[in-house]
Amino acid sequence: MARAVILGGTGVIGRAIATRLLAAGWQVDATGRDAAHVPDELAQAAGFSFFPSDRTDARALRSVIGDGAELVVDCLAFTEADALTVAPFLGDADSAVMISTKAVYVDEFGNHGNSLVKAVFPLPIREVDATVAPGRGDATGRDGYGANRVAAENTLLDSGLPVTVLRAGRVHGAGAARPREWAFLRRALDGREQLALAHKGAGGDHTTAAANVASLVELVAGHPATRVLNVADEDAPTGLEIAQTIAAHVGHRFEPELLDDDVDPVYGAHPWDVVPPVVLDLTTARGLGWQPQTYAATVGAELDWLLREHELGHTGYADDPYFAPFLDYRLEDAYLLLRNLEKRVV
């Protein structure tokens, strides 16, 4: 039986990878800080084992990786130090995967997705396009996040080991720490029919189903190499398309109010309001035989999970202040009222 080790196996991507590999007959050993974060369906699955472990503890990594594995997936390589910690153990693996992010890319002026100045990327973004310079320091800061990820990527890519770096878009899936789809799902559950969307709902930030990441991980595990691959959904839906998909899943229907580009984007804000949209080029991964699914075909797993969590009163994500601007109905109602009054005057 092939054995996979997933570092950070309790997160949204780690869960999806574990589920996919178990279904394919793998033995999966996953690490994390708290066994309580392992969903029941994984904890009870044959072939799955959980190892409480701090990602920065080299001895813990040696213990779980042991004498080797067919595959090691690192979902938690955020910095050069993280990469240096795990690299000595990857020589005992047939294949390794580092989960990275599209946040590493920059436009021709050096702006990235977290810059104060909005980046304008080529459409679509290829793996060979420019990235931020590698850096150290605060990996959680606006400028440090991508720079630290590039440093981690470079450390593993330069190691001479068969490491595949996967640069993901905006990830969605069951167990997401910040499920962005809640911004529209909450509205549907509240029975909100009107939905104001900035930039006519045309903004987009390429979505990535955790299930699509998992399918690509399974594929590259059988074809070890040192490379970088973008990973995202088959399509790159706009904010309007995402809203409609979410509403349809729960039998709801929005009446979109598509706001012009000159309207302050505070009105109609949503998590995917990026104009011009960000789109990842998936040609290289497809060339390996990978066949990603669409957003609509994959987002149901997260939506069903959110509905169950909501019914159970598990509202940790709902209390995240990140969602407050998207669910401020008073602001939206005031704008729409003013807009309707102006129309009547005209």
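Is phenylalanine 184 buried or exposed, and at what relative accessibility? At 2%, phenylalanine 184 counts as buried (under 20% relative accessible area, with exposed over 50% and partly exposed in between; 1.4 Å probe, protein chains only).

This is a predicted model, in which local features need pLDDT of at least 70 and side-chain atom pairs count only at pLDDT 80 or more, while totals for chains, interfaces and linings use all residues. Residues are numbered from 1 along each chain as its sequence is written, and side-chain values use heavy atoms, without hydrogens and water.

**View 1. Phenylalanine 184 and tryptophan 272 form a stacked aromatic pair.** The centres lie 5.7 Å apart, with 25° between the planes (rings of Phe, Tyr and Trp, the last by its six-membered ring, pair if their centres lie within 6.5 Å; planes under 30 degrees apart are stacked, over 60 edge-to-face, the rest tilted). Phenylalanine 184 belongs to helix H6 (residues 182-189) and tryptophan 272 to the loop between strand S11 (255-258) and helix H9 (283-286), so the pair ties together parts 88 residues apart in sequence. Helices (H or I, at least four residues) and strands (E, at least two) are DSSP runs, numbered from the N terminus. Tryptophan 272 is also buried, at a relative accessible area of 1%.

**View 2. Tryptophan 305 and tyrosine 317 form a tilted pair.** Their ring centres are 6.1 Å apart and their planes stand at 45°. Tryptophan 305 lies in helix H11 (residues 300-312), and tyrosine 317 in the loop between H11 and helix H12 (329-345). Both residues are buried. Ring pairs join Trp182, Trp305 and Tyr317 into a cluster.
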